[in-house]
There are 2 protein chains.
Amino acid sequence: MPIGLSTEELDRIDLIVAARRKIKRGTTLFRNGEKFNSLYAIRTGFFKTCVASEDGRDQVTGFQMAGEVIGLDGIVNDHHTCDAIALEDAEVCVMPFERIEELSREVNALQRHVHKIMSREIVREHGVMLLLGSMRAEERLASFLLNLVQRLHARGFSKSELILRMTREEIGSYLGLKLETVSRTFSKFAADGIVEVKQRHVHILNTDALKDIVNPKACN
Amino acid sequence: MPIGLSTEELDRIDLIVAARRKIKRGTTLFRNGEKFNSLYAIRTGFFKTCVASEDGRDQVTGFQMAGEVIGLDGIVNDHHTCDAIALEDAEVCVMPFERIEELSREVNALQRHVHKIMSREIVREHGVMLLLGSMRAEERLASFLLNLVQRLHARGFSKSELILRMTREEIGSYLGLKLETVSRTFSKFAADGIVEVKQRHVHILNTDALKDIVNPKACN
DNA sequence: CGTAATGTTGAGCGCATTCAAGCCGGGTGG
DNA sequence: CCACCCGGCTTGAATGCGCTCAACATTACG
C-alpha cells in the first residue's frame, strides 16, 4: 500500500503477512478482552467494530471495508477493547504487530505508513464526534451516506449506488440514533427525491442535496 | 515517561525535546490548517482541542492536562486538523516528529511508547463515541466528572475536589449538550446531594452515586 | 412454505433545546 | 472604594426532535 518503495522493501513488507484468514458473515475477527497480537488488513468483505458499556449498551464505532486496517485499539493494553464483526463473508491479512514494529524500524516508509494509519483513525473519530455531538438526524444520515459512497467510489464502485451491508439498527448505533429514526429519515430523503431506497439498495439521485443537508449554505 | 530504559536511552530521548514553549491562556498551540511538525507534551497547564465543521459549528474533541501528548491529528496529512487552545497558562515540550521517528527506529521502548499513545487516543475516542451515541445528559456529565477527577487524582490531586478549567459551553460541546443543559444537570446533582458546585469549583460528595448514574446496577 | 429477522409507519411522549430574563463575580475606571 | 460592565452561569417556560411503544409489511432463509 505505501508507495515509493524499492522492490526489495516491498518484498520484505509482504513478509509481514503471516497468514490469511477467512471470516464468515456474522462471526467475529476479534472481540473485546481477547489478547492482541496482530493488525488485520481487510482484503475483501465488510466489518463493523463496536464497543460495549458494562450495562449492555453498545455502540458501533466504525464500518470498515477492503483496504482498511483494524485492530489498532488493541495496542495500548495488549488486549482488544472492541469487537470486530464481519457483515459479510470476508478475508483478512493477519499482520503480527511484533513483525510490523520490527520491520518499521528498518523501512522508513513503513514506519511512516503505520503512523499515518493511526493518525487517520484519530482524525476520522474526530469527525464522528462532531457528527454525534452537533448534528441532527438528517445531517447525520446524509453525512454517513456521503462518506460511504465516497469510500466505495475510491474502490471503483458507483458514485451514486450502493448496497448497505448493515442493518438500520447498526446504522443507528453508529449515528447515535434509533433504528426507527434511521428508517424515517431514509423515507424522508426518498420523499424529497434525494435518494431511492429499497431495503438495503440505495440510489443517490441528488448528491448536492445531501451535501447541502450536511453543510447548509444559508449564507448565500 | 516510558520505563525500563537504560540511562543512555533516556538521555537520547531527552534530546527529542527541541524546545519548550509557553502558551498564554486563551491562545492556540496550533490550529486547523497549520503545518504539522511536532508533537507536544504538556508540562503544565490545561488544553482543549476542537474541530470545526465548515458552517461554523465546532466540537471540543478533548481536554488535555499535564503529561498528555497533543498533535497526533497532524500526522496523516502533514497539517493539523483541529485547534489546540490553552485553557490556562501552559508550558509544553516541543518534540519534532522527525526526531521521534528517527529515534524510535533505534530505541524499541520509544517506538512501543509512541504506538501506545496513539492507540490510547483511539480507545479514548471510542469511549467518547459511546458517550455521545448512547448516554443521556446525566450519564454524560457524571462520566465526564469521574474521568476528570480520576485523571487529576493520578497526578496527585484530590479524589473529590476539582476546579474546572473550562466553561459550561466547552463542557457542553464536548458532551454533545447545550450549556444550559450542563448547568441544569449540575444543579440536579447538587440538589441530589451528589456534588457541591460553586461556579467552577466542584466537590464530589458521593462518587458511588456518580458511578451508579453512569452504570446503573438495576439488575440487583 | 412458514418462521424469524428486518424494515416501515403511526401516535404520543419526554428529554434536551430554544428563547428569555436575571444573577453572580471579577475587572476596570472614575 | 464603589459603580459599572461584561462574560459566564443559573433558572424558567414553551417548543420540538427523536424516542418509545405498537402494529404491520417485507424479506431472508432454513
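Colleague: How far does a polar side-chain atom of A:Thr181 lie from a phosphate oxygen of DNA strand D?
Modeller: In this predicted model, local features need pLDDT of at least 70 and side-chain atom pairs count only at pLDDT 80 or more, whereas totals for chains, interfaces and linings use all residues. Residues are numbered from 1 along each chain as its sequence is written, chains are lettered from A and ligands numbered from 1 in the order in which they are written, and side-chain values use heavy atoms, with hydrogens and water left out. A polar side-chain atom of A:Thr181 and a phosphate oxygen of DNA strand D are separated by 2.2 Å.

Colleague: Which residue places a polar backbone atom 2.7 Å from a phosphate oxygen of DNA strand D?
Modeller: B:Ser183 has a polar atom at 2.7 Å from a phosphate oxygen of DNA strand D, but that atom belongs to its side chain. The backbone atom at 2.7 Å is that of A:Ala137.

Colleague: Which helix gives the most to the surface near DNA strand D?
Modeller: The most, five residues, come from H6(B).

Colleague: How far apart are the end C-alpha atoms of helix H6 of chain A?
Modeller: At 1.5 Å a residue, the 13 residues of H6 (179–191) should span 18 Å, where the expected span is 1.5 Å times one less than the number of residues. The model agrees with this, since the end C-alpha atoms are apart by 18 Å.

Colleague: Is B:Gln199, in the loop between strand S8 and strand S9 of chain B, buried or exposed?
Modeller: B:Gln199 has a positive phi near 60 degrees although it is a residue other than glycine. The loop that holds B:Gln199 runs between S8 (195–198) and S9 (201–204) of chain B. Its relative accessibility is 64%, and the cut-off is over 50%, so B:Gln199 counts as exposed.

Definitions and conventions
Helix = DSSP H or I, 4+ residues; strand = E, 2+ residues; numbered from the N terminus. Polar contact = N/O pair within 3.5 Å; in protein donor to acceptor, adjacent residues only side chain to side chain. Buried < 20%, exposed > 50% of the residue type's maximum accessible area, 1.4 Å probe, protein only.
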